[in-house]
Amino acid sequence: MTRRMARIGAGIVLLCLQTAARTAPSAAPAFSLRTPTQQAATGAAPATPATPPDALQIERLLASQQLRPAPVGTAQPPMDAASEISNCVLENIRRVDPSNPNWNESDPRWKVMRQAIASDCARRRAYRIKRVEPALQRMYRDALANSYAHHLSRRDADALLGFYATQTGRRFQAFQTRLTAIEFNTMQALQVQSHRDRSDGATPAPPPTAPPPDVMKLRTAILLMSRQTLLMLQWQRDASRTGGDAGAGAVAPLVMNLAATREGDAIDRIREEFASDLPAFSAFLSSPAEKNEIRALADAQLSFGKASATQLIKLAPEWNGDLQKWRDQYRRLKSAAAPAASSPARSK
């Protein structure tokens with residue numbers, strides 16, 4: 001159950017990071033605000049401030065929170081089309097006949113099915129880029145705009161925008177971007193490892209060796225200043241209070257431990273580079289305005305994670321019909337090969 005909850009939580013967070021990283025600010029307000037009619041995604045009843053931020057403040061806040069990938073060399077580069085399609089084939093081809101131990105490269109149908117799956121993977125990739133990703137970006141933007149409107153006051157917005165306009169505020173954003181890249185890589189690794197552990201009866205990989213306790217403490221202290229970590233911890237507190245699914249929040253300790261081990265050198269470099277800024281960053285994270293922003297971001301990301309399911313179904317082979325189509329084609333190939341396979345064996 002713990003491993004399943006971690007996969008769910010990592011999936012939600014990874015989706016939010018991916019979508020936010022690809023969302024570009026627009027020249028004019030491009031969001032739609034709605035009146036809340038039910039409880040917020042975090043389980044807390046929405047309480048819109050008496051003086052909520054205006055549309056211009058919200059637009060400026062949206063532009064300030066574009067969670068972009070870190071500079072080249074810190075985060076993994078975007079995957080090219082050929083690599084992505086190849087990975088898609090590797091991930092799906094054994095699902096055509098998962099119970100057959102002989103379904104592998106030695107089967108004469110393997111090449112045919114590989115080509116068929118590659119064609120569909122390329123088609124789905126193009127559809128994702130053209131249709132699904134823009135829809136997800138709009139959904140994320142609307143979720144964040146609504147959450148700002150319902151959780152921040154005009155004074156909060158002024159305080160946040162004023163801080164982000166300072167040199168310290170800009171360094172804080174750079175600090176958060178670097179941490180986001182580390183967490184993105186860690187969650188990707190968690191998802192990949194989880195997939196490998198579930199496929200082909202593979203033996204789970206041993207966990208990486210943890211650093212000494214004093215080193216782990218320093219790295220964890222930095223990760224606890226990451227807003228993405230604070231969002232996950234917020235989800236966990238909300239779920240514990242309301243009796244909801246704590247899967248998205250329970251992944252936070254797992255991600256922090258894994259990041260402190262796998263990405264330790266990168267975290268150490270960040271701690272050294274921003275050492276003189278850390279007291280100011282800590283003070284900002286403890287301010288009432290930023291605490292309200294953390295609440296807004298947490299609610300927006302969880303709302304987006306739930307609402308995006310309808311879009312993601314369009315990409316899942318088991319839901320959009322691709323997997324069934326591949327299995328039908330495989331069965332037809334199997335039937336065509338049956339007479340040759342059943343011919344009488346030659347006598348010795």
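Reader: Which exposed residues does the face of H7 turned away from its buried side carry?

Author: That face of H7 carries Asp-214 and Lys-217, where exposed means a relative accessible area over 50%, buried means under 20% and partly exposed is what lies in between, all with a 1.4 Å probe and protein chains only. The model is predicted, so local features need pLDDT of at least 70 and side-chain atom pairs count only at pLDDT 80 or more, while totals for chains, interfaces and linings use all residues. Residues are numbered from 1 along each chain as its sequence is written, and side-chain values use heavy atoms, with hydrogens and water left out.

Reader: How do you know that the buried residues of H7 are on the same side?

Author: Helix H7 spans residues 213–223, and its buried residues are Met-216, Arg-219, Thr-220, Ile-222 and Leu-223. They cover an arc of only 155 degrees around the axis, and therefore they sit on the same side of H7, the arc being that of the directions from the helix axis to the C-beta atoms. In general, an α-helix has 3.6 residues a turn, so residues three or four places apart point the same way.

Reader: What makes a stretch a helix here, and how many helices and strands does the protein chain have?

Author: Helices are DSSP runs of H or I with at least four residues, strands are runs of E with at least two, and both are numbered from the N terminus. The protein chain has 15 helices and zero strands, and 44% of its 348 residues count as buried.

Reader: Why is Ser-147 called buried?

Author: Its relative accessible area is 3%, and because that value falls under the cut-off for buried, the label applies. Ser-147 has its place in helix H4, residues 110–151. Leaving aside residues up to four places away in sequence, Ser-147 touches Leu-152, Arg-295, Ala-296, Asp-299 and Ala-300, where contact means heavy atoms within 4.5 Å.

Reader: How do H4 and H12 cross, and how far apart are their axes?

Author: Two packed helices are described by the angle between their axes and the distance between the axes. The axes of H4 and H12 (residues 288–307) come within 8 Å and cross at roughly 145 degrees, given that axes are lines fitted to C-alpha atoms, for helices over the stretch in contact, and that angles run from 0 to 180 degrees between N-to-C directions. By class, the contact of H4 with H12 has eleven nonpolar, four polar and three charged residues; Ala, Val, Leu, Ile, Met, Phe, Trp, Tyr, Cys and Pro count as nonpolar, Asp, Glu, Lys and Arg as charged, and the others, Gly among them, as polar. Among the residues that meet are Leu-136, Met-139 and Tyr-140 in H4, and Asn-292, Glu-293 and Phe-304 in H12.

Reader: What makes the pair Glu-293 and Arg-227 a polar contact?

Author: The side chains of Glu-293 and Arg-227 make this contact at 3.3 Å. A polar contact is a pair of N or O atoms within 3.5 Å, of which, within protein, one must be able to donate a hydrogen and the other to accept it, and residues adjacent in sequence count only if both atoms are side-chain atoms. Glu-293, found in helix H12, is also buried, because its relative accessibility is 0%. The residues that Glu-293 touches, not counting those up to four places away in sequence, include Leu-61, Gln-65, Tyr-148 and Tyr-164.

Reader: Why is Trp-235 called buried?

Author: Trp-235, found in helix H8 (residues 227–242), has a relative accessible area of 4% and is therefore buried. The C-alpha atoms of Trp-235 and Leu-302, 67 residues apart along the chain, are separated by 8.2 Å.
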